[in-house]
Structure formats: C-alpha cells, structure tokens
Amino acid sequence: MTVRKQDLFKLCIQNLLRKKSRTFLTVLGVVIGGCSIVIMVSLGIGMKEAQEKLLSELGDLTIITVSRAQSGRSKTKLDDALVKRIRELDGVEAVTPKQSLDVESVRLYAGNGNRYVADWTGMMGLDAASMEKMGFSIQEGGPIQKSGDVVVGQYTAYSFRDTLRPEGSDMVSRWDGPMDEAGNLLNPPDPYFDILKQKLTLVVENQDTTITIPLNPVGLVKEDYSKGSETSEGIIMSLSDMKKIAEKLHAIKKNSSPYQNILVKVSDISRVADVEGQIKAMGCATESMESIRKPMEKQARQKQMMLGGLGAISLVVAAIGITNTMIMSISERTKEIGIMKALGCYVRDIRALFLAEAGAIGFLGGLASCVISFVAALIANLAVMGGPSVENLRLALLGGEGASRICVVPVWLLLFAIGFSVCIGLGSGYYPANRAVRIPALEAIKSD
C-alpha cells in the first residue's frame, strides 16, 4: 500500500502536534542555531561592506594607474602604441594617457586685475573624450569641448589667496566647516568666488621661459585621488593643449616616454587583479586600490567564516536535539509502526514519514530564525543610523550612499539558512528513520 503525499503531510503535522512542548523546544534549538548563523554571517558581510565603502571614499576601485617600471630593465614606453595594446585587453572599459609637467612654477590668476592668486596648481592633460567613460564625475558645468576649456578640481577655488587682504587672513580654509562623527567635511565655507564664473590665467615658468595662457573653466570635477590629486586642487585640460604647453616650454625630453602615466578603467572590480597582471607582463609598473582591497577582503572573509563557524556549532547542537526527539518519538510509536507495516505500508513510506517530521522541524526552525534575524538586523541598523525614519528604513534595507549598516542580510543568506536547517533536520532524522523501518512488525504490534 502506497501512502499518498497529502496523507503523509497530515500524519507529519499530527505527530508533531502530539507532543507540542517537545516539538517547540526542538524547534527552538534550531531557531537559536539558525539565528546564530544568519547574524554572525551578516555581521561579516557588514564589515566587508564598510571596508569597501571606506575604500570607495579614497577613490575609484576600478582604476589602474600605469607608470614606467622603475627597475631600469624595461624598455616599454608609455606611448600611443601601449595605450592601444592596453585598450584591447579583455575587461578594459576605457583608457586615457595622463600627461603632467615637471616645471619650476605654475600659477593661476583670477578676478579683476588678477586679484586672486593660486601660487601653485597641479596640471593634468587627458583624452577629453574619454573622461566620462573613465568615471570622472562632473558636479557642475560640463565637459571639455574645445581648446582652452579646462575642468577644475572640486576644491581648487580654495587654493586662491586674496592679494587685497592681509597675510594670514587672505585665504578661505575648506576645513573650517562642520564635520560629522566620522570626521568627514559636511558643508565647507564658500570660497572668495565662483571659479566657474571667472576667467582664469595660467602662468607657467620653466628655466628661462614663461608662458601665459587664458583658460575657460567649464566644469567642476569631483575629488577622486585614484584619478589624480588634480581632481581635488588642480586643473584638467585636453591632451592636445597640454602637449602645446610642453612644446613651448621645451619640457619633453628626447627618448623619454611621451606620457607620465596611463589611467585604465576596468569594467568590474573583480577583474582588476587580472587586468593589472596583464599590464605588468607588458613591462609596466601599476598602482591600484587592489593592493589594499585584497588583504582587507581576505581578512573580512576570514572573520566571516569564523563567525559563521561559531553559528554552525549552535546548529550542530540543535541537530543533536532533533535526533534525540526523533528517537524518543520512535520508541513511543513502536506499536504504530508495527500496525503500518501490518497494513502493508512500504518501508520507504515509513522512512519518509520520520524524515518529513525531522525536515519539518528544521524548516520551521530555519524560517523562524530568518524572520527573527532579519528583524534584529533591521533594528540594529536603524539604531546605528540614528533611529527609525523613512529614509533610514530605506538605507537599512537596501543600502546605498550614506548607509552605515553593521548587519547586512542578503536574500541568499536567508534562503541558505532555511535550506541548511532543513538539511540538518533531514540528516539528524536519517538514523532514527532507519531504526524505525528495521523494527519487526510482530514485535512492534506486541509492544505496549
């Protein structure tokens, strides 16, 4: 006689409800173990997210800065041919040469009668057409369109001093503004002028040569040191304009690399290490956030495994409880097993019944642990963010810029916790189920 699945399900529920207290305590053990795993692993994921957020504040994690090898053995030049080779690599999204000048003096002037002076300014020449693909974020204004246009760094305006003010009080410090608890600047004070509404004059001196060039600031780029300090305090111009300045100053040495650096944008953070290795094989030196990110990621993974292992210990203890519950259940239902065999039930159906009961305990415990862990993580995140609000609730659930979550509970972790709890239940019930099917029918019926 084959037992129908719906009858098997009803019997499973009835048997679990027959001893409510025992079932509740067994499920509670699974809940504690499941909560331990979810919360411990979510703390590890939260640490990893915090580390990546910290690194992202330092700069773009997918940018590789290529420079000439310092060993002296490499004959690889940073030229257009190398740019083309790098652009053809799998995983490379964009490439631009980066040219700067090694000169004696670079000054910027602004205002009527050159009232405002920046005594030193960083300069960088890039392929203007590639700036958007490279991830340069224009906060105000627009991109470089023609010769003479420049994009200025986010805080370049604070480099200017007012020549009509006395020394010591002739500059505005952007660090005088309020800061948050982490030491990040919130709202810096306004500089003396809006740099995008002023015509700038660039004066460059090198040895016995001085050149003066009018500049038209068209955009304000967000600070990102992975792309160069010029994004903070400096100017960025087209590569062709930079080459013209270098030629006028005779700043290009013979037999040297045309470019000081090459910036490479990789399509995904997971491919940075591979692309960086291929570029090094070309005889170049590279620099990226990968050298910092990898050790931090490894450390976070180790902590995550350690925390998950501690949670798994609790679930193993719960598994012992499930095994004990099922063995007790079999000893109490020996006569019932004998009657089922006498009525012609297949051995596989009896085994399936006890496995279903054990799996149901694991499922209920895993489901409850996911709900409890998710709510606990949500409360913890809201507490860290300053209390419940619509915006904080959104950040606690979805993350994003401005989120400071200590626990991150992804959907896959919840599904894994439920699946793992069910597997623990089935594994714990396997021995008792086999023990049940080995009981002889006649001895089982005689049993009290």
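The model is predicted; local features need pLDDT of at least 70, side-chain atom pairs count only at pLDDT 80 or more, and totals for chains, interfaces and linings use all residues. Residues are numbered from 1 along each chain as its sequence is written, and side-chain values use heavy atoms, with hydrogens and water left out.

The protein chain has twelve helices and 13 strands; these are DSSP runs numbered from the N terminus, with helices being H or I of at least four residues and strands E of at least two. Of its 448 residues, 46% count as buried, where buried means under 20% relative accessible area, exposed over 50%, and partly exposed in between (1.4 Å probe, protein chains only). The chain exposes about 23600 Å², of which carbon and sulfur atoms supply 57%; accessible areas come from the Shrake-Rupley method with a 1.4 Å probe, and for residues only the protein chains shown count as cover. Among contacts (heavy atoms within 4.5 Å) with a separation of 6 or more, 77% are between residues 24 or more positions apart.

An open sheet is formed by four strands in the order 2-12-1-13, with antiparallel pairing; two strands pair if DSSP finds at least two bridges between them. Strand 2 (92-98) and strand 13 (284-288) each have a single partner strand, so one side of each edge strand lacks a neighbour in the sheet. On average, neighbouring strands of this sheet are turned by 25° against each other, direction ignored. Axes are lines fitted to C-alpha atoms, for helices over the stretch in contact, and angles run from 0 to 180 degrees between N-to-C directions.

Strand 1 (residues 63-68) and strand 13 run antiparallel and are joined by five bridges. Serine 67 stands opposite alanine 285 of strand 13. Two helices pack on this sheet. Helix 3 (residues 80-87) touches strand 1, strand 2, strand 12 (261-266) and strand 13, and its direction makes about 165° with that of strand 2. Helix 6 (residues 272-281) also touches strand 1, strand 2, strand 12 and strand 13, its direction making about 160° with that of strand 13.

In a regular strand the side chains alternate between the two faces of the sheet. Glutamate 287 is the bridge partner of threonine 65.

Elsewhere, strand 9 (residues 200-206) is largely enclosed by the rest of the structure, because five of its seven residues are buried. Five bridges join strand 9 to the antiparallel strand 3 (residues 105-110), with valine 106 opposite valine 204. Seven bridges join strand 9 to strand 10 (residues 209-221), again antiparallel, and leucine 202 stands opposite isoleucine 213. Strands 9 and 10 form a hairpin with two residues between them; in the turn, glutamine 207 has a positive phi of about 55°.

In helix 10 (residues 390-398), Asn392, Leu395 and Ala396 are buried. These three lie on the same side of helix 10, because they cover an arc of only 100° around the axis, the arc being that of the directions from the helix axis to the C-beta atoms. Val390 and Leu398, on the other side of helix 10, are exposed. The cover over the buried residues of helix 10 includes helix 9 (347-384). Glycine 399, with a positive phi near 75°, follows helix 10.
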